[in-house]
Amino acid sequence: MDPTFLRHLKAGRRLLGTIVTLPSPEIAEALARAGFDWLWIDLEHSALTVGEAGRLLVGAAAGGAAGLVRVPDLDPARICQVLDLGAEGVIVPRIRRAAEAEAAVKAALYPPRGERGAGLGRAQGFGPGFREYVGRSGETTAVIVQIEHIEAVREVEAIIAVPGVSGALIGPY
């Protein structure tokens, strides 16, 4: 896998994405081939399972798009799962304070920048690519926070200043 989403985001490139809530890797691949740069695979407001999200990530990659997964909440285990499945990043809903953004970053990144545990999944080439993946993941894993509450709006500058936060989505849609 050649992660490009975060690199393009940091370069200021305009990236076109769409939300995916149907468990069809063929749909994900078709959307990617239609020109979407990234797909927002939604585990918060859909009936998708983690396993289905993994198959959607494969479809997105087959079509040339990055896959980001919106997790249901700030659960480090779920964040780790979707990243191990090959997501180029996570979208974390309902972040209200900088401390929550810090927790999201820690869950997504390996030590010393974070606290993510080691696993052997698709992201790590099922083992043989582990060292390479861990070595670059701190520079290629996107952590997008959602600012969806008035408390978060009041704290938005502190939230987006957290090292490792790649971007923020403001409000619904």
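The expected span of a helix is 1.5 Å times one less than its number of residues. In this predicted model, the rule can be applied to helix α3, which comprises the 14 residues 50-63.

Helix α3 has a number of buried residues, namely V50, A53, G54, L56, L57, G59, A60 and G63. These buried residues pack against the strands β1 (17-20), β2 (38-42) and β3 (66-70), and against the helices α2 (25-33) and α4 (76-84). Just after α3, G64 adopts a positive phi of about 90 degrees.

We turn next to the charged side chains. The structure contains twelve salt bridges. In one of them, the side chains of K10 and E139 meet at 3.7 Å, N to O. K10 belongs to helix α1 (residues 5-10) and E139 to helix α6 (residues 130-140), so this pair ties together parts that lie 129 residues apart in sequence. Both K10 and E139 are exposed.

A salt bridge also joins R70 and D42, at 2.7 Å, N to O. This pair links strand β3, which holds R70, to strand β2, which holds D42, across 28 residues. A residue counts as buried under 20% relative accessible area; R70, at 7%, is therefore buried, and D42 is buried because its value is 2%.

Another salt bridge connects D84 and R116, again at 2.7 Å, N to O. D84 lies in helix α4 and R116 in the loop between α5 (98-108) and α6, so parts 32 residues apart in sequence are tied together. D84 is buried at 13% relative accessibility, and R116 is buried at 3%. Finally, salt bridges with shared partners join D42, E44, R70 and R94 into one network.

Technical notes. Residues numbered from 1 in each chain as written. Predicted model: local features only at pLDDT ≥ 70, side-chain atom pairs only at ≥ 80, totals over all residues. Heavy atoms only, no water. Helix = DSSP H or I, 4+ residues; strand = E, 2+ residues; numbered from the N terminus. Buried < 20%, exposed > 50% of the residue type's maximum accessible area, 1.4 Å probe, protein only. Contact = heavy atoms within 4.5 Å. Salt bridge = Lys/Arg side-chain N within 4 Å of Asp/Glu carboxyl O.
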